[in-house]
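Let us take a friendly walk through a protein chain, one piece at a time. Keep the structure open beside the text and look up each part as it comes.

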Amino acid sequence: MESLIELYRKYRGEMPVATEKMAGAGSNRRYYRMTATDGSSIIGVVGTSRDENRAFIYLARHFGSRQLPVPRVFAVAEDEMCYLQEDLGSVSLFDVLKGGREAGGRYNRREKELLVETIRQLPNIQIRGARGLDWDKCHPQPEFDTDSVLFDLNYFKYCFLKPSGTDFHEMKLEANFRLFAKDLTSEKYDCFLYRDFQARNVMLKSAEKGESESKLYFIDFQGGRRGPFYYDLASFLWQASARYPHKLRRELVYEYYNSLRNYIEVPSVRHFVQRLSLFVLFRTMQVLGAYGFRGYFERKQHFMDSIPPAMQNLRELLELDFFPYPYMTDMLRRLAAQPQFAVKEETAAVRADGYKTTDSDVYKAHPKDGPATFSKYDGTGPLVVRIYSFSYRNGIPEDESGNGGGYVFDCRSTHNPGRYEPYKKLTGLDEPVIRFLEDDGEILTFLEHVYQLADAHVARYIQRGFTSLMFSFGCTGGRHRSVYSAQHLAEHINNRFGVEVRLCHREQEITQIFPAK
């Protein structure tokens, strides 16, 4: 600490009037906000690894020369164990996304805009940042190679797979690991692999004079090296705790792909998606290894809590049935099916009327059995779902298909933002109303039950080949709660089932079609 104070004195020509220790990050580096007499501040960093410090300082100065949004390094101690860098404030992208994350992945318009801006900036750092970069100055190694992949895969094996108690054949798994590592490193790019690209490492610096909005800056890139650009995209979008919904992930992958085209000749979409899938699987196994070590061995609850969402990511990946590593994927399926990683559901309960439900069905269903009932409408599909928002003052929407109108949900039991002046002229599509409803929470509980009912009904209609299903949401004015609910159910059904959804906000005369996927 004395060395840091002395470095500050030499740089500023005065002692700091205040030195505040900042919250620790994942590394052993210590950060201090050091304030001058004029109120300005800079960040003092005390590291434990000279090589790591050197890598950060070199990369920060190189990226700065490329006009990339990274913190400036002002001064470095002679022994290179501490340095001074630009203060970017205390607000990270992770902090700003808290609302959408805690709402189960329902990100508002501003949060989505920041995610899009971040993902568009990533190729700028990866491609432009790599130009003229001396890879030998990277730490702990200059390149993403087979050895580094095998290290991470074995980290997963010893810190997560073995503690889970999963039985596996060591030599067969090792053979698949080597094939996997070879595929991951088969394409060479002069690209900067950030390595730890996540929302916590993106800062929002407050707008300065003459600027209208905060700016994004990128930090903690000292572990970067030459490598494939897919890795950072997988690391960011499939971070377990972020809870990005599938639709948002697809949109952000599309934004990244189009941004990448500004810097290099990109592969075909098909090739890009296939390669990305490999890196998503690798990154998922890698983080499970880290969670296993930090959770099972260091007993840190945060990492224990991160295991279930990471395992859910793994299950969804394995559904692709795409990966050419039969023994490894079989082992991963057995791992994901273990009881301690299963999605916990209540299998028996007592209903309000006193009757007990059974733990399981008496007769097990089989996909080849077909539907339990039959009608002349079976097998005519594909299904089209129509969803309305409306005001009860103007009556329930008419059913044009002749099927009887489907479900009508009354939203009037939930808190009404229309009772408050700031929201009266807005609708459930506007960000202030969305935040009001989600912060209040009643509408989220209401929709949870709607989703359960709708999912079961849509799945059954798809199975039977029915062509039409209708949902309607009514409230007092057909402006706030019903609009919000209809919009979210439409996105939910289209995202989950891929069927065509035709949405109509009747009182606003707004229509939207979500095409079949």
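## Starting in a loop

Pro140 sits in the loop between α5 (109–128) and α6 (146–164). Pro140 is joined to His139 by a cis peptide bond, with omega at about 5°.

Before going on, please note that this is a predicted model, in which local features need pLDDT of at least 70, side-chain atom pairs count only at pLDDT 80 or more, and totals for chains, interfaces and linings use all residues. Residues are numbered from 1 along each chain as its sequence is written, and side-chain values use heavy atoms, with hydrogens and water left out.

## The whole chain

The chain has 15 helices and 14 strands. Its C-alpha atoms fill a box of roughly 80 × 65 × 50 Å along the principal axes. Of its 517 residues, 49% count as buried; buried means under 20% relative accessible area, exposed means over 50%, and partly exposed is in between, using a 1.4 Å probe and protein chains only. What about contacts, meaning heavy atoms within 4.5 Å? Among those between residues at least 6 apart in sequence, 70% join residues at least 24 apart.

## Two nonpolar cores

In soluble globular proteins, nonpolar side chains tend to be buried together. A nonpolar core is a set of buried Ala, Val, Leu, Ile, Met, Phe, Trp, Tyr and Cys residues joined through side-chain atoms within 4.5 Å. The largest one here has 94 residues, and Phe156, Phe180, Phe192, Phe272, Met328 and Leu332 have the most contacts inside it. Helix α10 gives this core its largest share, 11 residues. Which residues touch Phe272, if neighbours within four places in sequence are left aside? They are Phe229, Tyr230, Leu233, Val253, Tyr256, Tyr257, Leu260 and Pro267. A second, separate core has 33 residues, including Ile387, Leu437, Phe471 and Leu503.

Met328 and Leu332 are also among the buried residues of helix α12 (residues 326–336), along with Tyr327, Thr329, Met331, Leu335 and Ala336. The cover over the buried residues of α12 includes α6, α7, α10 and α11 (301–318).

## Helices that pack

Two packed helices are described by the angle between their axes and the distance between the axes. The axes are lines fitted to C-alpha atoms over the stretch in contact, and angles run from 0 to 180 degrees between N-to-C directions.

| Helix pair | Angle | Axis distance |
|---|---|---|
| α7 (170–184) and α10 (269–297) | about 130° | 10 Å |
| α14 and α15 (481–497) | about 40° | 10 Å |

The angle in the table makes α14 oblique to α15. Angles under 35 degrees count as roughly parallel, over 145 as roughly antiparallel, 65 to 115 as roughly perpendicular and the rest as oblique.

The crossing of α7 and α10 is left-handed, while that of α14 and α15 is right-handed. A crossing is left-handed if the near helix is turned anticlockwise from the far one by less than a right angle, and right-handed if clockwise.

On the α7 side, Phe177, Phe180, Asp183 and Leu184 meet residues of α10, including Arg275, Phe279 and Met285. By class, this contact has eight nonpolar, no polar and two charged residues. Here Ala, Val, Leu, Ile, Met, Phe, Trp, Tyr, Cys and Pro count as nonpolar, Asp, Glu, Lys and Arg as charged, and the others, Gly among them, as polar.

In the other pair, α14 residues including Leu444, Val450 and Ile462 meet α15 residues including Tyr484, Leu489 and Phe497. This contact divides into 14 nonpolar, three polar and three charged residues.

Leu444 lies in helix α14 (residues 442–464) and is buried, at 14% relative accessible area. How far is Leu444 from Gly104 in space? Their C-alpha atoms are 9.7 Å apart, although 340 residues separate them in sequence. Leaving aside neighbours within four places, Leu444 is in contact with Arg106, Glu438 and Tyr484.

Leu248, in helix α9, is buried with 4% relative accessibility.

Definitions and conventions: Helices (H or I, at least four residues) and strands (E, at least two) are DSSP runs, numbered from the N terminus. Contact means heavy atoms within 4.5 Å.
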